[in-house]
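Hi,

Here is the structure I promised to pass on. Have a look at it first, and then read on for what turned up in it.

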Amino acid sequence: MNESAFGINLSFAVKRWPEPAVWAGFVREELGLSTVQFTFDLLDPTWPESMSRGLAHQIREAAATHHIFIHSAFVGLANYTYNGLLHPLPEGRAAALEWWRRAVWLAAELGAGAIGGPLGGLSVTDSNDPLRKQALYDEMIESIGKITTWAKEAGLKEFLIEPTPLMREFPHTIEQAKQLVQVLEQNTAIPVRYVIDVGHALYQPLYGPQASLSSWLNALGDYMSLIHLQNTDFQSDSHWGWPHPQGKFNLDEFVSILKTYQLSNLTVILEIFYPFEESDQNVKDNVISSVKYCKNKLVN
């Protein structure tokens, strides 16, 4: 793949290097990357609009100064902790929809080409009630339609959905993902595409030891825009980098699979997290070594 098709999610910068000029300089000068995925953990859409607009301008300016392309703006860990579009209360679902409306505006202010993330999670009670579960699913479809309409009006090109390995979230299986995208093809203003996270797709506690990235790519390759790359032990949603003493993800096999399914033109985004108590220098060193390792394998 060409160099611009490999980038990094800015999750590593959260709480450590939130200043746009700082992370942009690090990404370009020390990592040698020109593509990033922005995380809303660095600038939450619910912050006052005057503040958000000013910070978005700083981010866009820093990215331009360092010749960085903001591929997309994505749900971060903070928003993911909520039930989102599947909240049990109508007020909660309305708040989630409003979050997305403001996130679309903010993504456009940042100059991103797309927006996305996980959609939400059912409560245990709703998940165990088939009728309630279906009703919330149907409402989620309507909400996605509204979000894509706002996105089109804002000039965004794609809405990105990330399947998660949780049984109370949609979609969490290949079949659910196929069904969802087929329904959405007739109900969205812009294309809906998937972000397949290798750690999610290979999560053995849910999918078993036979979990296969090839299965996801074979079924959803035509609907994919991006892959989230992480190092993992297949027993947790690890989001480790390289090296890691417990990491088992084989990057050579990953490259081979991409070639097999002729997906070399997909964007691959490295998404690695670190405990907040980890030393800043250790984080910096591991981000650098992870990017170097991945670039050596992925970039032609």
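Before the strands, one definition: two strands are said to pair if DSSP finds at least two bridges between them. Please also keep in mind that this is a predicted model.

β1 pairs with strand β2 (residues 35-39) in the parallel sense, over 2 bridges. Within this pairing, Ile8 stands opposite Val36 of β2. To get from β1 to β2, the chain runs through helix α1 (residues 20-30), and this β-α-β crossover is right-handed.

Now for a pair of helices. The axes of α10 (residues 213-220) and α11 (residues 251-260) come within 11 Å and cross at roughly 25°. Angles under 35 degrees count as roughly parallel, and α10 and α11 are therefore roughly parallel to each other. The crossing of α10 past α11 is right-handed.

Which residues make the contact? On the α10 side they are Leu213, Ser214 and Leu217, and on the α11 side Phe254, Ile257 and Leu258. By type, the residues of this contact divide into 5 nonpolar and 1 polar, with no charged ones.

Happy browsing, and write back with any questions.

Best wishes

Conventions: Residues are numbered from 1 along each chain as its sequence is written. This is a predicted model: local features need pLDDT of at least 70, side-chain atom pairs count only at pLDDT 80 or more; totals for chains, interfaces and linings use all residues. Side-chain values use heavy atoms; hydrogens and water are left out. Axes are lines fitted to C-alpha atoms, for helices over the stretch in contact, and angles run from 0 to 180 degrees between N-to-C directions. Helices (H or I, at least four residues) and strands (E, at least two) are DSSP runs, numbered from the N terminus. Angles under 35 degrees count as roughly parallel, over 145 as roughly antiparallel, 65 to 115 as roughly perpendicular and the rest as oblique. A crossing is left-handed if the near helix is turned anticlockwise from the far one by less than a right angle, and right-handed if clockwise. Contact means heavy atoms within 4.5 Å. Ala, Val, Leu, Ile, Met, Phe, Trp, Tyr, Cys and Pro count as nonpolar, Asp, Glu, Lys and Arg as charged, and the others, Gly among them, as polar. A crossover is right-handed if, with the strands pointing away from the viewer, the path from the first strand over the helix to the second runs clockwise.
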